[in-house]
Amino acid sequence: MKKEAYFQTVADLVKRGPKDIPAEFISSEHVIYNSPASLAFNSPGAEGFGVKRAGLAVPGSVMLLIGPGCCGRNTTVLGEMSGYSDRFFFYTMDETDIVTGRHLKFIPRAIEEICETLTVKPSAVMVCVTCADALLGTDMEQVCRRATKKVGLPVVPCYMYALTREGRKPPMVAVRRAVYSLLEKTKRRGDAVNILGYFSPLLDNCEIYALLQQAGVKTVRELSRCVDFCAYKKMSEANFNLVLHPESRLAAQYMEEHLGIPGIELTRLYQIDKIHKQYMIFAKIIGTTLDDTSFRREAEEAVEAFLKKDGHISLAIGEMANADPFELALALSKYGLHVEKIYGTVTAESFVYLRQLTVVAPYIKVYSNLSPTMLYYKDDGDVGLTVGKDAAYYHPRAAHVFWTQEVQPFGYAGVTALFACMERALEGGI
């Protein structure tokens, strides 16, 4: 067997089509190689906002993690982060709990003890449930309702079920639904909007805020910017939700059904022309006009300046970044940059961008971060700049832009910030 990393060119993938995606790109078809991207993907608490940290996005909440000791090991690191050390509690299941389900009757009592221990009563208790209870078939909704009656405050389950990663409600979709479940229906305000999608805020200079102001919006609320539980509860006043991440669709659907708040979805893009088109469609939907000229020009100038100075550089794009690797590769290729490689998980949705890439860069090699053949990957020195933490891992000699910051890039501001980071990386900065 030839020992080399498996890849397909963009042209090869498009020729095969979405119904014939190679098995190397499908995690259920083989043993998964733990490259940097799949490592973060497989472990919900390993990095960034996994289920445990995301569940604590509700201001003033605490979390009780229920599971065998091994399930909480990453939480010890998270607990050391500022603001989290006094918000995590553990119920460690032993063999008897797993065999008999004995722990279920102790959960309400454990939550009561937590509330008695704290000097300030929490706004809610998020119960993080692991695969052990998934295999047991535990009705944690019923257990949490019993606990709510006992302690007199909301108790909400968050499911850290790795088993559901590829189902209809994977962990990060389900937890987004959970963190908005405490909102109650109230009178809506025509000048208030919620931004859903991320557990951290958008860039302060993101044009969305100014464009919403142009549309007459006076109050924009994001979960991450809610200073307390009272501010969080006011999210139920919104006239509509602006959904910026597909994993928030379930949460938006819940809010529409239970709170009467409709949602409008926007996609994170790095193609300036598509960003403009999306904003114009959005303006039409809400029945107004928006002027994005100054923001668009700033992004165009950032791209032009980079191309003038470093337009010759070859790039590799990874999926461990605040971007869709295929959309980002398409954007950079259309600007005139040479994208050599993409590291990503190919899905049917990826073909929206792959088909367009065949026009501008059909030669791009697409590698699967999940394939065990990545053990044989060799850096041949053909890449000068990487975007994405996984791409940086594969090309240690290149300049790197991790692009994994928690403050989220979006729209023109995201394009401007990315090209500024790329320039700094090539200059030897951070």
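This is a predicted model: local features need pLDDT of at least 70, side-chain atom pairs count only at pLDDT 80 or more; totals for chains, interfaces and linings use all residues.
**Notebook: domain contact, pocket and cavity**

Residues are numbered from 1 along each chain as its sequence is written, and side-chain values use heavy atoms, with hydrogens and water left out.

I checked the division of the protein: domain 1 (7-30 + 293-427), domain 2 (51-177) and domain 3 (192-266), with bounds from an automatic or database domain assignment. The C-alpha centres of domain 2 and domain 3 are 26 Å apart. Eleven residues from domain 2 and 14 residues from domain 3 take part in the contact (heavy atoms within 4.5 Å).

I searched for salt bridges (a side-chain nitrogen of Lys or Arg within 4 Å of a carboxyl oxygen of Asp or Glu). The whole structure has 23, and one is counted between domain 2 and domain 3. Arginine 176 pairs with glutamate 247 in a salt bridge at 2.7 Å, N to O.

I also looked at arginine 225, whose side chain forms a salt bridge with aspartate 204 (3.0 Å, N to O). Arginine 225 is in the loop between β7 (219-222) and α11 (229-233), and aspartate 204 is in the loop between β6 (192-196) and α10 (207-214), 21 residues apart. Helices (H or I, at least four residues) and strands (E, at least two) are DSSP runs, numbered from the N terminus.

I used a 1 Å grid over the protein atoms alone: a cavity is a set of points where a 1.4 Å probe fits but cannot get out, a pocket is an open set with protein on both sides within 12 Å along at least five of seven lines, and lining residues have an atom within 4 Å of a point. Points are joined across faces, edges and corners, and a volume is the space filled by probe spheres set on the points.

The second largest pocket has a volume of about 370 Å³. Of its 16 lining residues, Glu141, Val156, Pro157, Tyr159 and Arg177 are the closest to its centre. β5 gives the most to this lining, five residues.

I found one cavity of 30 Å³ or more. The largest cavity has a volume of about 40 Å³, and Tyr180, Ile195, Tyr198, Ser200, Glu222, Leu223 and Ser224 line it.
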